[in-house]
Amino acid sequence: RWEDYPFERPHFAKQILKIQPDRNIALLMFKSGELDEIWLTPQQFATQSNDDAYKNHGVKGYYTRRMFAYIGWNMDGSNPFFEDVRVRQAMAYAYDTDRVLKNVTYNLYTESNGIFDPEHWAHNPNTKPIRFNLDRAAELLDEAGWLVDDEDGWRYKEIDGTKVKFEFDMMMANSFSYSIPMVDTLRDNLKKIGVSFTFVTIENAAFD
């Protein structure tokens, strides 16, 4: 604390910051009294912070925090999938937002219809989110030429004389601890209509 600060002085003379990227370890440190404040994941808030070990060291606070999670589709021409707007729309129709909000974020998060929340001055209430509709997703992929192979059930398209399977990598930063369960929903649904992808988790510094 700067003792010559001209305005109201902070109550604490010193503050120690401990960087712990593992949220589970951070919660254990809080329960043991090693940390005074942490940011809980939705699962921790809903199911892992109701015991006496947590209550003996603090209380839970809840407030509106402006943030959003999204999936960005690579459209730079390095793959044959996402330059077609129908394919990108199909990916959106295949994502079950309600299931994610219930099972992953324990209804602590809310659905977004844009990058601004309803209380923000730039929010556009006329923008409507795409609702989960797996049949519509399949129709769009059919229209884009990605057809289900009767032999193995996966989607393919002939590109420059080559039969290409609709299969790609989903890259995620390792700091976003619940990105995998969020995207698992999409993987489950896409598998039902013949599309597959694998997870690739990379370090934050390398994520571009």
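Thr185 is buried, its relative accessible area being 4%, where buried stands for under 20% relative accessible area, exposed for over 50% and partly exposed for what lies in between (1.4 Å probe, protein chains only). This is a predicted model, in which local features need pLDDT of at least 70 and side-chain atom pairs count only at pLDDT 80 or more, while totals for chains, interfaces and linings use all residues. Residues are numbered from 1 along each chain as its sequence is written, and side-chain values use heavy atoms, with hydrogens and water left out.

Thr185 lies in helix α7, residues 179-192; helices (H or I, at least four residues) and strands (E, at least two) are DSSP runs numbered from the N terminus. Residues up to four places away in sequence aside, Thr185 touches Asp96, Arg99 and Val100, contact being taken as heavy atoms within 4.5 Å.

## Nonpolar cores

The largest nonpolar core has 29 residues, of which Met91, Leu141, Phe166, Phe168 and Leu190 touch the most other members; such a core is a set of buried Ala, Val, Leu, Ile, Met, Phe, Trp, Tyr and Cys residues joined through side-chain atoms within 4.5 Å. Two or more residues of this core come from each of α4 (85-93), α6 (134-143), β4 (167-173) and α7, and α6 gives the most, with five residues.

Phe166 is in contact, beyond its neighbours within four places in sequence, with Phe81, Phe82, Val87, Met91, Leu141, Trp146, Arg155, Val195 and Ser196. A second, separate core consists of seven residues, among them Ala26, Phe30, Leu35 and Leu40.

## Aromatic pairs and cluster

Rings of Phe, Tyr and Trp (its six-membered ring) pair if their centres lie within 6.5 Å, and planes under 30 degrees apart count as stacked, over 60 as edge-to-face and the rest as tilted; by this rule there are 16 aromatic pairs. Phe81 and Phe82 form a tilted pair, 5.8 Å centre to centre with 55° between the planes, and Phe81 is buried at 6% relative accessible area, as is Phe82 at 3%. The rings of Phe197 and Phe199 have centres 5.6 Å apart and planes at 85°, so this pair is edge-to-face.

Phe197 is buried, with a relative accessible area of 4%, whereas Phe199 is partly exposed at 22%. These four residues belong to one aromatic cluster that also includes Trp73, Trp146, Phe166 and Phe168.

## Ala92 in helix α4

Ala92 is found in helix α4 and counts as partly exposed, at 28% relative accessibility. Its C-alpha atom is separated by 21 Å from that of Ala173, 81 residues apart along the chain.
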